[in-house]
Amino acid sequence: MTAADNVTIRDIRVIMTEPDNIRLVIVKIETSEPGLYGVGCATFTQRPSTVKVAVDDFLRPFLIGKNVADIEDIWQSAYVSSYWRNGPVLNNALSGVDQALWDIKGKMAGMPVYDLLGGRAREAAPVYVHASGGSKEETADRMAAYMEQGFHHIRIQVATRGYSSYGSHGASGDGSIVARDVSQGPIPVTSWLRDYDPNQLYAHPGGVFEPKPYMRGALELFEHIRDRFGYGVEILHDVHERIPPILGVWFAKEVEKYQLFFLEDLFSPEDNEYFRMVRQQCATPIAMGELWNSPHEIIPMIKDRLVDFLRMHMSQIGGITPGRKFAAMGELFSVRTAWHGPGDTSPVGHAANLMLDINCHNFGIQEASIPGERTLEMFPGFPELRDGMMWPNGNPGLGIDIDEEMAARFPHKDRAFGGAWDTVRRADGGMVKP
Ligand code: GCO
Ligand code: MG
């Protein structure tokens, strides 16, 4: 018997915190070994309390007393423990547990998780950051500032004139929109839906989105960026679904000449099959995945080589255990990874992404979000961003922790509406499906 055989799960707790205006969900597993614990990301920011219930009421009683060493058995049995499985709620809950167990295993072995997985394929992970602006010039200026800081890959988005959308998020509209009182003057334009002010009058809380103006604006942006910076810097763009599929096919062809590093989320997950048409018509590199939950959505896309980059949100597919398997499958088909890493991937989730980035040969790029001061303070060990790359700190496990006292001081704020995730509508009032 090794020491690992004797260590069991003593308690599982959910920590709900919001250090910098994004609701995060972290799972902490305490073990029978005093002082030995692990943390995992379970962040489903739009519906965080549902994940807490899934952990508290179901996974916790199911898992207390189990041997922390048996991650594979725990993942497999917990996955089907409700018989019905998948989906953002159950997968996020399971991810919180799974990542915490990998953290614990690494701490017991005295190794970072990438070492447990086979060791390093690279020293650091090149990242991309987001430059968004109200105009193409503003986006370009933000991009220039990032380039100055040493970033080589930049996702560019621009507000759609008259609609103020970054393409990736809906936004407030202009005078052509029904259901607004013109006597109150022009509808204010927000630069980002997180700045949405409920006291202002908007056409729709989630904004107005029109596909053609959006696409024209994006093409003008790419032209402007290539004119100003040339082709020596990598640019990326997120469509965020929302355009009719055939226009998505057209758009992918149009952007080919701008040589994007990748074009993200052209279609809703229900429209996966449209990627086949894109493949037949152009060689724009394609990324997709943050909305995928189930292996049924992912496996055919790898097997048929319909995407170039897998961009799943690691906690939304159930954690490192499934993540490393999809990455390995991708390697066999020369499909690369680009794990989802915006602000609603918690710092623990970023650390988990990084473990696979360092270990997997078929790593493509890592999405990064620049952490706020409070986030950095609350999560000691947050991987350092330097020279356009994310660097592992080499500490055992995931190499990251949470200051629980501080987390308790920043609880989730109530939101009267879904913010950027409220319904986005066309100018005629019809809903736009992401
Ligand atoms: C991205 C994403 C995010 C998501 C957000 C949803 O590529 O980074 O699209 O911005 O929209 O994570 O909660
Ligand atoms: Mg995206």
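Helix 10 passes helix 11 in a right-handed crossing. Helices are DSSP runs of H or I with at least four residues, strands are runs of E with at least two, and both are numbered from the N terminus.

Before I go on: this is a predicted model, where local features need pLDDT of at least 70 and side-chain atom pairs count only at pLDDT 80 or more, while totals for chains, interfaces and linings use all residues. Residues are numbered from 1 along each chain as its sequence is written, and chains are lettered from A and ligands numbered from 1 in the order in which they are written.

Back to the pair. Helix 10 covers residues 320-332 and helix 11 covers residues 347-359; their axes come within 11 Å and cross at roughly 30 degrees. That angle makes helix 10 roughly parallel to helix 11. The axes are lines fitted to C-alpha atoms, for helices over the stretch in contact, and angles run from 0 to 180 degrees between N-to-C directions. Under 35 degrees counts as roughly parallel, over 145 as roughly antiparallel, 65 to 115 as roughly perpendicular, and the rest as oblique.

Which residues meet? From helix 10 there are Ile320, Gly323, Arg324 and Ala327, and from helix 11 Ala352, Met355 and Leu356. Contact requires C-beta atoms, placed from the backbone, within 7 Å. These residues divide into 5 nonpolar, 1 polar and 1 charged. Nonpolar covers Ala, Val, Leu, Ile, Met, Phe, Trp, Tyr, Cys and Pro; charged covers Asp, Glu, Lys and Arg; the others, Gly among them, are polar.

Next pair. Helix 2 (residues 71-79) and helix 3 (residues 88-109) pack at about 175 degrees, with axes 10 Å apart. They are therefore roughly antiparallel to each other. Helix 2 contributes Ile71, Ile74, Trp75, Ala78 and Tyr79, and helix 3 contributes Leu94, Val97, Asp98, Leu101, Trp102 and Lys105. By class, that contact has 9 nonpolar, no polar and 2 charged residues.

Third pair. Helix 5 (residues 136-148) and helix 6 (residues 211-229) pack at an angle of about 45 degrees, axes 10 Å apart. These two are therefore oblique to each other. Helix 5 passes helix 6 in a right-handed crossing. Lys136, Thr139, Ala140 and Met143 in helix 5 meet Glu220, Leu221, His224, Ile225 and Arg228 in helix 6. The classes here are 4 nonpolar, 2 polar and 3 charged.

Now the chain as a whole. Its secondary structure comes to 13 helices and 13 strands. Of its 434 residues, 51% count as buried. Buried means 20 or more other C-beta atoms within 10 Å of the residue's own, exposed means 12 or fewer, and partly exposed is in between, with C-beta atoms placed from the backbone.

Two single residues. Is Tyr258 buried, exposed or partly exposed? Tyr258 is partly exposed, because 18 other C-beta atoms lie within 10 Å. Tyr258 sits in the loop between helix 7 (245-254) and strand 7 (262-264), and touches Phe222 and Arg226, leaving out residues up to four places away in sequence. Glu377 is in helix 12 (residues 373-378). Glu377 has 13 C-beta neighbours inside 10 Å, so Glu377 counts as partly exposed too.

Last, ligand 1. Of the 8 residues around ligand 1, Thr45, Asp238, Glu290, Pro342 and Asp344 come nearest, where near requires a C-beta atom, placed from the backbone, within 6 Å. The shell divides into 1 nonpolar, 3 polar and 4 charged residues.

Terms used: A crossing is left-handed if the near helix is turned anticlockwise from the far one by less than a right angle, and right-handed if clockwise. Two residues are in contact if their C-beta atoms, placed from the backbone, lie within 7 Å.
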